[in-house]
Amino acid sequence: MSVLSGKKIILGVTGGIAAYKTANLVRLLIKAGAEVQVIMTPASHQFVTPFTLSTLSKKPVYTNFFQSSGEGTWNNHVELALWADLIVVAPATANTLSKMANGQCDNLLLAVYLSAKCPVYIAPAMDLDMYVHPSTERNLIILEGYGNAIIPAEEGELASGLIGKGRMAEPEHIKHFLEDSLSVSLPLKGKTVLVTAGPTYEPIDPVRFIGNHSSGKMGFDIANELAKKGAEVILVSGPTNQNVKERNIKLINIQSAKEMYDACHANFEKADAVVAAAAVADYRPKHVASQKIKKNSEDFTIEMEKNPDILASLGIIKKQQFLVGFALETENEIEHAKMKIEKKNLDLIVLNSLNDKGAGFGKPTNKVTFIDKDFNLEAMELKSKEAVAEDIVQKIINHYA
């Protein structure tokens, strides 16, 4: 989930040719979970229609102080400014930059800007000669001095046919700029977290394997929540249909427990915390057939050998890392979980019991008990796995608070 999720964004559209790109920008912001209110200057109607942006934002587009219906309804610029979590002016023409820098207020967008208490982001767009003109450079410096953030214009072919700097940043780049800016204040910014997820498949022959029913959802939900809180996430996952939702997640796909072991050890030193949510096979076939095994007899025996204990091996070499493990038990749950904390040198264990209705593999919910290294217990109610992921990530945040 993007850090833009739930944010109330005013998108100010001014009268430049780059206004046509705002349709895609609105779409991207909405897709990221933001609520978008578009305010257009009268000149911008020449380049993109209010109907288009209203349809995409699912809100009426405002241009004038009063509604055109004749009912005397006022579009209150103060209320609009107070509603917004951030304002994005894109494209910001040379004319609008000059007005913003010098306090002119001859349209609704400028009135909202002058009333704003929230962060303001400005994406300039104009032709090359206009962009490098001393007055434009001065206005951008003034606006930055007011505390506004300037989203740099990009280089490329301009509407005039010239090639150079002045293009409005692409909608994807504006979205990323906003996300990076908002991420700076997130509680796990600067932290790297290693997460394991999903099952492991231990090969018997080229077409068969030993595995389990883990869907990987819990681990992926944790990884996505960590990324949402600003962490750089290294996600080592066995085979799963789950998808990464955040761009600051590095996904490493593996098949076997040995591959997961190698990937975890290769990335452990750079990690500040580890969340081992994978359902790793305890044993693997001692001998893997090079060809498909034929069913020639009534009985078939597979000789097994123990897989390395990934989390225990990390616990032995850990330095400052905060280690979180999982325990899925069917009996003597608390006692077994405490034993794992000591055996694997964990800081926290997340206990699941298959005796709890709604918990376990392949379900959208989970019911867990947190046990820390001092054996303090915190039993949680049945929740969605996304909500459980939030609780787990909060434990990590608390550790670094």
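Which residue in β5 does Ile-122 stand opposite? Select Ile-122 and then Ile-150, for Ile-150 is the residue in β5 that stands opposite Ile-122. Before going on, note that this is a predicted model, in which local features need pLDDT of at least 70 and side-chain atom pairs count only at pLDDT 80 or more, while totals for chains, interfaces and linings use all residues. Residues are numbered from 1 along each chain as its sequence is written, and side-chain values use heavy atoms, with hydrogens and water left out.

Next, colour the strands (DSSP runs of E, at least two residues, numbered from the N terminus, as are helices, which are runs of H or I of at least four residues). Five of them form an open sheet with parallel pairing in the order β2-β1-β3-β4-β5, where two strands pair if DSSP finds at least two bridges between them. The edge strands, each pairing on one side only, are β2 (35-40) and β5 (149-150).

Move to β1 (residues 8-13), which four bridges join to the parallel strand β3 (residues 86-92); here Ile-10 stands opposite Ile-87. β3 also pairs with β4 over four bridges, and Val-89 has Ile-122 of β4 as its bridge partner.

Stay on β4, where five of five residues are buried, meaning under 20% relative accessible area with a 1.4 Å probe and protein chains only, with exposed over 50% and partly exposed in between. Val-120, Ile-122 and Pro-124 lie on one side, and Tyr-121 and Ala-123 on the other.

Finally, select Phe-47 in the loop between β2 and α2 (50-57), which counts as partly exposed because its relative accessibility is 34%.
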